[in-house]
Amino acid sequence: MKAAQHALMRNMNTLTVLNHLRTAGPCTKRQLQAATGLSWGAISNITAQLIEYGLLVETHSPGTLPGRSPACLDFSPLCGLAAGVDINVTGITALLANLRCETVSILHVPLQSLSKDSILNQLLETLHVLLDKAHLRPENLLGIGISMQGSVSRDGSLSIYSPFFVDWHNVPLREILQNEFDTFIHVMHDPNCMALAEQWIGLAKDIEDFALLRLSTGIGLSYVAGGQLLMGATGTAGEFGHLTVNPCGPICSCGNNGWLEAYASRRGILARLSEKDSKGLFHSFPETPMDSEMRLQRLALQARSGDPHSQKLFTEAGFYLGVGIAALVNLLNPERIIIAGEMVSYQDLFWSEMQRAAKQHVWRFSPLDIVVSSLPMSSPALGAAIYFIKRAFTGESSALLPNDWI
């Protein structure tokens with residue numbers, strides 16, 4: 001019993017040291033002792049074994065000579081990396097992140113096809129290229145996280161459904177990737193990945209209750225309550241785009257009327273444009289993801305040039321988005337709402353109306369703090385990698401430490 005308690009305490013002390021290095025950057029042993037409150041003997045013993053294990057390295061400030069100043073301890077560059085992948089209708093983004101959640105390598109490839117087999121082949125090929133460029137073996141990773149649009153199983157094994165891909169139903173992504181790569185695999189809904197990124201390195205670092213909205217081809221939501229992701233009974237919580245904001249409104253792609261996605265997503269705005277446009281000005285392109293974005297860019301250009309028809313589409317998108325946000329705030333009372341995704345590029349066309357409608361419909365005693373994400377467009381892939389980085393720094397055991405760590 002005493003041996004088990006000693007091992008648990010040692011693991012906790014070790015993770016305390018590693019967590020401080022993660023947040024503070026390179027430190028001397030004296031700085032680690034002062035920050036963690038551990039004894040000099042404990043710091044010296046733990047750091048010596050972490051150096052021997054290869055997780056930490058000793059560095060010196062530029063211009064100093066070894067022995068003339070205290071050595072700083074830092075993470076070994078190729079140790080403790082996690083991979084994250086975002087599979088999106090616009091392409092596959094794959095990256096490697098270090099223990100400070102910094103992107104150290106990234107690839108983006110457009111999809112060659114929307115068919116399941118083509119996407120899976122591209123996924124495997126992209127991951128092989130990413131690892132080969134970094135000279136990494138899969139078993140040296142903390143894991144590979146996958147960010148997916150649509151529905152994902154609660155246990156992180158299946159991509160249940162994607163509305164954008166052909167024949168994409170109950171795809172066993174964990175099994176497929178584990179057959180190819182000898183490491184842990186976890187599949188997540190893309191807004192949840194983005195929320196993890198915001199929680200660790202973004203605008204929600206010190207916030208316990210917040211919402212993340214991804215405005216893109218569709219609309220997704222992640223909600224963090226008490227610091228934990230709200231998953232729902234089957235893992236499909238966050239279908240914010242399927243919130244009814246106008247029962248008599250346009251038909252969504254799913255066949256129901258007046259859902260938020262039919263007004264405020266890229267796909268919804270373009271569908272409403274097609275219904276109203278009698279001149280055929282925007283129908284010179286076949287409907288591929290890239291062409292849809294080009295159509296939206298042309299629509300935004302006309303709106304910014306003063307075309308009332310184009311402006312109305314964005315204004316209505318802002319109004320119904322504000323109505324939906326007010327319902328979210330009234331129901332769950334988040335401290336902050338973070339807006340992210342490709343539609344943020346057009347915020348000048350809908351933001352003021354969104355804010356006005358939200359303020360009009362929100363309960364007057366609820367806080368209303370709506371901000372734009374400061375993270376890059378690769379945040380879904382980064383958040384998927386952070387899933388494994390977070391696991392490495394929490395719990396009684398850690399993938400950062402060897403099984404025989406005592």
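The structure above is a predicted model, and the mean pLDDT of its protein chain is 89, with 90% of the residues reaching 70 or more. One stretch to treat with care is residues 278-286, where the pLDDT is below 50. Beyond near neighbours in sequence, that stretch has 16 contacts in the model.

Let's look inside the protein. In soluble globular proteins, nonpolar side chains tend to be buried together. Here, the largest nonpolar core has 40 residues, and Phe314, Leu321, Ile325 and Ile339 have the most contacts inside it. Which helix gives the largest share of this core? That is H10, which provides 10 residues. Helix H10 covers residues 308-332, and other elements that each supply at least two residues include strand S11 (210-215), helix H9 (289-304) and helix H11 (347-361).

You can pick out Leu321 and follow its surroundings: leaving aside neighbours within four places in sequence, Leu321 is in contact with Leu213, Leu215, Leu260, Ala264, Phe350 and Met354. There is also a second, separate core of 38 residues, with Leu32, Ala82, Ala97 and Ile389 among its members.

**A covered helix**

Now turn to helix H6, which runs over residues 190-201 and has 12 residues. From its first C-alpha to its last, H6 reaches 17 Å, close to the 16 Å expected at 1.5 Å a residue. Is H6 mostly covered or mostly open? It is mostly covered, as 11 of its 12 residues are buried. Among the buried residues are Asp190, Cys193, Glu198 and Trp200.

| Residue | Relative accessible area | State |
|---|---|---|
| Thr126 | 6% | buried |
| Cys101 | 4% | buried |
| Cys193 | 0% | buried |

Thr126 sits in helix H4, which spans residues 116-134. Thr126 counts as buried because its relative accessible area of 6% is under the 20% cut-off. Apart from neighbours within four places in sequence, Thr126 is in contact with Ile92, Ala94, Leu107 and Val109.

**What about disulfides?**

A disulfide is a covalent bond between the sulfur atoms of two cysteines. How many disulfides does the model contain? The count comes to 0. For Cys101, the nearest cysteine sulfur is that of Cys193, 13 Å away. Cys193 is likewise in no disulfide, and its nearest cysteine sulfur is that of Cys101. The pair does not count as a disulfide because the sulfur atoms would have to be within 2.5 Å, whereas they are 13 Å apart.

Conventions
Residues are numbered from 1 along each chain as its sequence is written. This is a predicted model: local features need pLDDT of at least 70, side-chain atom pairs count only at pLDDT 80 or more; totals for chains, interfaces and linings use all residues. Side-chain values use heavy atoms; hydrogens and water are left out. pLDDT is the predictor's confidence in each residue, from 0 to 100. Contact means heavy atoms within 4.5 Å. Helices (H or I, at least four residues) and strands (E, at least two) are DSSP runs, numbered from the N terminus. Buried means under 20% relative accessible area, exposed over 50%, partly exposed in between (1.4 Å probe, protein chains only). A nonpolar core is a set of buried Ala, Val, Leu, Ile, Met, Phe, Trp, Tyr and Cys residues joined through side-chain atoms within 4.5 Å. The expected span of a helix is 1.5 Å times one less than its number of residues.
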